Every structure is written in structure tokens, then in C-alpha cells.
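My notes follow in the order of looking.

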Amino acid sequence: MTRVTRDFGDTMQKEAVPAVSADVMFNSSRFPNYKIGANNQIVDATDDPKVLSMKEVVARETAQLLEQQKRLSVRDLASKFEKGLAAAAKLSEEARLREAASLEKHVLLKKLRDALESLKGRVAGRNKDDVQEAICMVEALAVQLTQREGELIQEKAEVKKLANFLKQASDDAKKLVDEERAFARAEIENARAAVQRVEEALQEHERTSRASGKQDVEELMKEVQEARRIIMLHQPSKVMDMELELRALRTQLAEKSKHSLRLQKELAKSKRVVENGSQSFELDGHEALGSYLRIQPCSDNAPELSKCSIQWYRVSSEGGKKELISGATKSVYAPEPFDVGRILQANIVWEGQQITMTTAGPIDPAAGLGSHVEALVRRHDIEFNVVVTQMNGVNHPSESIHVLHVGRMRIKLRKGKTTIAKEYYSTSMQLCGVRGGGNAAAQALFWQAKKGLSFVVAFESERERNAAIMLARRFAFDCNIMLAGPDDRAPLGT
């Protein structure tokens, strides 16, 4: 049996206790609860089923705080922490009162046990056994009370820990509220300062604009007045006459230059005829881009061209490097953009004899073609109406209109909504003027989209054909690809 030994400061005097009847019956095996009232009177406290235990109250408050923590503002959270702190303090006070009541119960139990021990010595027989049973019951109640006291001490420690936690949380919440307030005030001050700076800048800009605008207006008025003075000093009619005369002189000078160039080429051709008195052939045609050159016999002793072997070359006007033009084996050749600035040469072989003819000078560019191409480059996709004359070397009988798209990344040939060929620029792609083909060679080009797929298409004019070649080569160069004919990448020696 566990005995509770405490020093209460006073002792209980033993008094004479009358004998206990054998018919004594206890209402329950649990010792009733008592409270010390006024004047040290013992008051019986009835159990209230509605009163919750301290542990249940703490658990409920903690659950409510954890549930509302995520949806409460900082201010509400601080208020809740303060309420929880007050509740914890109240619970601590209640625990302290219960501990006092527990001490009072120990005192009562000790007095009762002493009374029973005194009574046990005075009775005998059955009454003595009853008294012994009562003493055991009192000791059991003392043990239960001691256990309850341990639980109260543990609950008191938990309540104290929770109170400290709530107090710390309340302090943190107050600190957080103060920090948020300080941050908000700093942001408001910064915003006010920024608004003030913007207003000052706008005012300064407005003042500057007014001053500069006034100054610009004054300068403009001075320029207008100076222009009016100059106009008044000169006679407009004489100025217009001089401009018209200057334009006429420029036009005459351009015509004279063209005529002089033509005469120089004819003179060079005549000199070659005189030097080669036995020359059997001559080159006929305008030596410029957009036209075509034709080999013609110039004497009755000239052999038939069908029995001769013909090969065209392009020769650099500076270094004299000669490049073979692959496929140019006909008596007619239409210069392409690659030939501009170079001299064209035709070699005719007949019965072991070779006749060489060259142009009088480099091939001239087409007038206005450069500016036209620069205007087309600004577009993403340029369309040309063409007619397909050959496909994979076989004549194409249909003369229906097709559309050739020359884009920045690819070339596409379509008929209506049907796409016939669409290929991106690559090293296997070839594009050049048609080398041969009679009078229509100046309007046609050869396009090998890929190996095994080639076309010969005719344009509406020589200008569009040359523009398409220049655009395709420029876009291919932007893609780091050299787009040319099959021979234009490997020049021959002189």
C-alpha cells in the first residue's frame, strides 16, 4: 500500500470516536469530492456532466487554432493568440485550484484513516473486519488521488508549455504586424516620393517643351523668311528653263554615250574582220543582258553550223580566266546575270579547224534591273507566271500557266492549288539561264530542284527571267548556299 506523506503544518488530535455499526454501507467505492468553503467548512460538490476536462479544452482550442491559422489575417491571428493565452492562464489557475483541492482531499483522507485506525482498536469481531475493509478502501482512494495528482501535475506542465507557446506566438504575431506596418509605411513613402519625382519630371519636361517649341517656331519662321527672300531675288521662270535644259542635255549625253559604245563595238568587230580576212562566222546581237547572241556565217565558204561543234565560254575581263558554260553548245546563247561584266567567247570546231569569236566588250547590265530586284527583295515571297516547256528533259506539251514562287528559304512551282515541286535551297539545286533554245532563250531558265527532277520554264519577259535568277541566287547566298548552273563553280584555266 502507498502512503502519502506530506507536511501540512498542523496535526490532528485524536478524539473519541463512537463505534461504527455493522450495517454501514458505502454508496460507492469512490471517495466523494469536497470543497473547503467559508470558515473551513467542508462542502459537497456535485458532479457537473457539462464541465469539460482541462485536457479536452486544451485539445479543442489547439485544433481550432490550427484549423484557422491558414485563413486568418495577421491581426486576427494575433487576437486569437491573445485569447488563447488568456484561456491558458485561466486553465493554469483552474489547475492550481484543483491542486489545492487535491491537497485538501489528502488531508481529509489522512484524518479519516486515522479515525478508522483509532476505531479499529476499539472494536472487535465483525465490526473490526468492516473497519479494516474501510481502511483498505480509504488507502485505495489515497492511491487513486495520488495518481490523479500525477495526472494534474502532467496536465499543469502541458498547460504551462502551451501557455509559453501561445505567448511566444502572440509575440511573434505582434512583431510580424509591426514589421508589416513598417514595410507598408515605407512602401507608401516610396510611392509618394516616386509620384513626386514623376510630377516634377513632367513639369520640367513641360517647361522644356514649351521653351524648345517656342525656339523651334522662331527658327522655322526665320528659315521661311530666308527662303522667301531667296525666291524673291531669283526669277522662277529662268530657273525652270535651266532645269529643263539640263535634263535635255543629260538625255542627249546618255544617247551619245550609247551610240559611242555601239560604234566602238562595231569598230572592234570590223577590225577583227579585217585582221581575219578568212573569218567565216560573226556574232550578231546586242551584247547586253536581256538579249541573245547568234553565230551567223559571213561568207559563202562558211561550213554549215549543224556540222560544227560549238562551245561557249565566259572570260573574265581582268584576269582572263575562262569558264566553260555547260550546255551552251548551240549557235544561240542568251546572257544571264552571271555573264554581266564578262566577255563571251564561242569556239567553233570543224574538220580539225577551230574558229574563236568573242564579244567586243563585257556584257552590259539591263537598265533598271538592279533597282527592280532591290524592290522585290523586301517581299517574303515573289511570284512569277511561267509556262513549263520541259520536265526532266522531255518536252512538256501543255502551255497552261504555272506560278513560280521564289522565297527566302525555298522555291516552289505550282499549278492552281496543286504543288508540282517544292524544295529548300541546297547544294543539289541548280538554277541558270537556258543555254540554247532559239529566240526564246532570253526568257527561259533551267531549274534542277533535286537530283532526278528538273524543269525548263519560260517567263513573260526577259526582265522577269533575270530578276528571278538574281533573287534565287541572293536568297540562297543568305542561306550559305552557292546557287548556280552545273559549271559555274569550277572555272577552267586560260
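Predicted model: local features only at pLDDT ≥ 70, side-chain atom pairs only at ≥ 80, totals over all residues.

**Entry 1: overview.** I looked up the secondary structure of the protein chain and found six helices and 17 strands. The chain has 494 residues, and buried residues make up 28% of them. I then turned to contacts between residues at least 6 apart in sequence; 58% of these join residues at least 24 apart.

**Entry 2: H5 and H6.** Two packed helices are described by the angle between their axes and the distance between the axes. I took helix H5, residues 369–377, and helix H6, residues 462–478; their axes come within 10 Å and cross at roughly 55°. I noted the crossing of H5 past H6 as right-handed.

Next I listed the residues that meet. H5 brings Leu-369, His-372, Val-373, Glu-374, Leu-376 and Val-377. On the H6 side I found Arg-463, Asn-466, Ala-467, Met-470, Leu-471, Arg-474 and Phe-475. By class, the residues of this contact of H5 with H6 are eight nonpolar, two polar and three charged.

**Entry 3: Phe-477.** I stayed in helix H6, where Phe-477 has its place. Is Phe-477 buried or exposed? Phe-477 is exposed, because its relative accessible area is 59% and exposed means over 50%. I also checked Tyr-425, which is 52 residues from Phe-477 along the chain; their C-alpha atoms are separated by 9.3 Å.

**Entry 4: cysteines.** I searched for disulfides and the structure holds zero. I looked up Cys-308 and found a relative accessible area of 11%, so Cys-308 is buried. Cys-479 has 26% relative accessibility and therefore counts as partly exposed.

Entry 5: Most residues other than glycine have a negative phi, and most peptide bonds are trans. I therefore noted residues that depart from the phi part of this.

Glu-351 is one of them, with a positive phi near 55°. I placed Glu-351 in the loop between strand E8 (342–350) and strand E9 (353–358). Glu-351 counts as exposed because its relative accessibility is 64%.

Asn-392 also has a positive phi, of about 55°, although it is not a glycine. I found Asn-392 in the loop between strand E10 (381–391) and strand E11 (394–395). Its relative accessible area is 40%, so Asn-392 is partly exposed.

Methods:
Residues numbered from 1 in each chain as written. Heavy atoms only, no water. Disulfide = S-S within 2.5 Å. Buried < 20%, exposed > 50% of the residue type's maximum accessible area, 1.4 Å probe, protein only. Axes fitted to C-alpha atoms, helices over the stretch in contact; angles between N-to-C directions. Helix = DSSP H or I, 4+ residues; strand = E, 2+ residues; numbered from the N terminus. Left-handed = near helix turned anticlockwise from the far one by under 90°. Contact = heavy atoms within 4.5 Å. Nonpolar A, V, L, I, M, F, W, Y, C, P; charged D, E, K, R; others polar.
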